[in-house]
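Try each task before you read its solution.

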Amino acid sequence: MVEANSGIGRRAQPKSLFESSASSEGAADFELPEVVNEEEGSPMSVSDLTVTYTDKPVLDSIDFYVPRRSMTAIIGPNGAGKSTLIKAALNIVPKLSGTVTFFGRPYAEVRERVAYVPQRASVDWDFPATALDIVMMGLYRQIGPFKFPKREHKDLAFDALRKVGLRKFSGRQIGQLSGGQQQRVFLARALVQGADLYIMDEPFAGVDAATEAAIVEILKTLNYEGKTVVCVHHDLSTVPQYFNHLLLINGEKIADGPVSTTFTPGNLQATYGGRLGTAQLDEMSAILAASSSR
Amino acid sequence: MDQFFRALILSAGYNTALVCIGATILGASAAAIGTFVLLRKRSLVSDAISHSTLPGLAIAFMIQAVVTGDGRFMPVLLIGATLSAVVGLFAVQWITSRTRLHEDAAIGSVLSVFFGLGIVLLTVIQTMNTGKQAGIASYLLGSTAGMLMSEVQTIAVASLIVGVLIFFYRRQFTIVCFDPDYASVSGYDVQRIDLIMMALLLAITVIGLKVAGLILIVALTIIPPVTARLWTDRSAIMVYISALFGGLSAYIGAAISSVDYGLPTGAVIVLVAFSLFILSLLFSPNRGVFAVALRRRRSIAELRALSAAAAAKANAGKAVESGSSYEDRASVNHGTATRQAAEAAS
């Protein structure tokens with residue numbers, strides 16, 4: 001925890017997770033810590049990763065690592081392979097080549113330390129389950145396949161729901177929740193695991209501003225507690241505000257590094273290949289200027 | 001009728017009672033595994049499995065008839081049925097993964113080809129002059145008439161074993177049904193769990209052939225879970241309700257068909273299950289037709305009251321702006337009256 005003393009003094013104390021709700025303030029309550037840029041023991045280290053669905057590679061020899069305690073965004077245009085990168089790393093889709101380690105170990109050995117939050121659209125929300133049932137799924141491994149959940153497991157699940165502001169919705173069927181609430185149910189399922197690395201696939205897709213702020217606040221609190229967060233992210237304008245580390249990909253790696261040095265108009269232009277207009281780039285420069293003067 | 005009621009209360013003789021109990025266990029297990037298969041959105045696979053059993057049944061019958069003179073010995077028939085169902089299942093799997101066809105098209109083709117082959121083989125069997133061919137026809141539509149006690153016991157015990165296995169795997173099945181990607185990330189072997197699910201479905205289908213018949217047994221794995229879904233929003237409870245409905249349908253179906261030997265058990269079971277479905281569709285407290293209509297009426301009345309109140313408010317506001325004291329007072333009065341009416345209505 002070398003980095004803890006560098007920023008803890010000036011950082012405002014985050015609100016307790018238990019009080020966090022869908023308030024829009026507080027999203028930028030406290031600054032992100034400095035990250036340790038060392039690959040050894042990195043929460044997630046990818047080397048020479050190639051994935052193909054047909055003949056054409058979706059991802060072509062990607063090399064990068066996620067610094068410990070960072071808030072890392074994976075950015076790229078549609079079809080750039082952002083979700084595929086996560087899925088290949090977690091063995092959901094097969095790799096053609098390459099290795100991925102978590103905390104320096106193969107994934108199967110450190111599963112408990114990694115929490116995955118899939119895209120909200122990837123499941124059928126008409127499934128007969130309550131919010132509590134979904135969160136309990138995060139504890140199935142801990143409970144064991146043939147035993148009944150104990151009181152303490154339920155308490156953990158209720159706690160996680162409280163942290164995401166959904167305690168009073170615990171008994172509601174998941175299809176009756178709003179998009180933002182569904183996303184927070186997924187987040188609660190990840191929280192209940194007590195992992196050290198949180199990998200999220202577009203956590204802000206299709207959620208309202210208040211929910212986005214609430215999720216960011218939870219992620220920043222996790223980060224403050226020493227956890228690492230990796231998000232596939234779409235909204236360029238919020239990158240400097242939410243994240244401090246960046247991977248830009250478009251089939252292949254364009255750049256990675258701290259947001260302050262990597263989130264540049266040149267890199268973005270290279271990533272989006274002319275798909276960003278000059279107006280957007282100007283806007284981006286303004287955001288960058290604002291974030292560096294802050 | 002009297003005979004039917006006696007069958008229902010298990011006092012129509014030892015044999016009928018045993019048949020009813022066996023059918024109940026079978027129905028409950030089939031409905032329980034059917035719940036997960038439905039949630040995995042693979043209900044029709046069950047139909048492919050059951051129809052694929054026919055060629056195996058027929059071939060097993062022929063071999064037995066030639067070797068022993070009586071082709072109806074159930075364990076051998078079930079082994080034949082299992083083998084050909086496995087082939088059918090793999091055919092569906094192969095077509096889905098190796099061609100551009102989706103699972104529904106694969107199921108349709110496999111189901112009809114296997115069933116067609118089976119029917120041809122059955123016709124061949126009818127022309128054979130040994131083997132007591134009458135027995136094989138009962139596997140098409142199901143029949144509890146003239147079942148041997150050993151057969152009933154086999155069905156009951158095997159169904160019970162399947163039921164217990166479903167209970168042990170229920171949580172794995174649930175997580176794979178809801179989100180296979182998350183399940184695999186959490187360390188579950190999704191392929192293996194899917195395989196177990198299909199194996200249990202195949203087992204219960206084959207076990208139930210004699211009782212429900214291969215054409216209609218799919219109803220036992222689909223209708224009860226769909227009915228149960230109307231009563232609960234939780235998969236953990238849905239399994240038990242489904243098993244209850246499935247068991248009840250099979251029980252009543254077996255009892256009715258034990259009265260008049262002409263009625264095929266499978267058909268009666270389907271009709272009973274469907275009746276339970278219709279009753280649930282109408283009367284379930286959450287999703288039932290009546291409950292939904294009632295809620296709709298209530299919310300429409302509330303909306304009307306709200307909009308009336310809003311209109312009254314707007315009227316009152318307009319009247320104040322217009323400045324005429326007489327109109328003003330009249331409108332405000334009118335507005336108040338409307339609002340009061342709205343409050344009374346809500």
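**Exercise 1.** Find what share of the contacts in chain A, between residues at least 6 apart in sequence, join residues at least 24 apart.

Solution. Start with the term: two residues are in contact if their C-beta atoms, placed from the backbone, lie within 7 Å. Keep the pairs at least 6 apart in chain A; 71% of these contacts join residues at least 24 apart. This is a predicted model, where local features need pLDDT of at least 70 and side-chain atom pairs need 80 or more, while totals for chains, interfaces and linings use all residues. Residues are numbered from 1 along each chain as its sequence is written, with chains lettered from A and ligands numbered from 1 in written order.

**Exercise 2.** Describe the open sheet of chain A.

Solution. Helices (H or I, at least four residues) and strands (E, at least two) are DSSP runs, numbered from the N terminus. Two strands pair if DSSP finds at least two bridges between them. The six strands of this open sheet in chain A follow the order 5-6-7-3-8-9, with mixed pairing. Now check the edges: strand 5 (114–117) and strand 9 (252–258) of chain A each have a single partner strand, so one side of each lacks a neighbour in the sheet.

**Exercise 3.** How do strand 5 and strand 6 of chain A run, and how many bridges join them?

Solution. Locate strand 6 of chain A at residues 197–201. Strands 5 and 6 of chain A run parallel, joined by four bridges. Then find A:Ala115; opposite stands A:Tyr198 in strand 6 of chain A.

**Exercise 4.** Count the residues in contact between chains A and B.

Solution. Chain A gives 19 residues, in contact with 19 of chain B. Helix 3 (131–137) and helix 4 (140–143) of chain A each give two or more residues to the side of chain A touching chain B.
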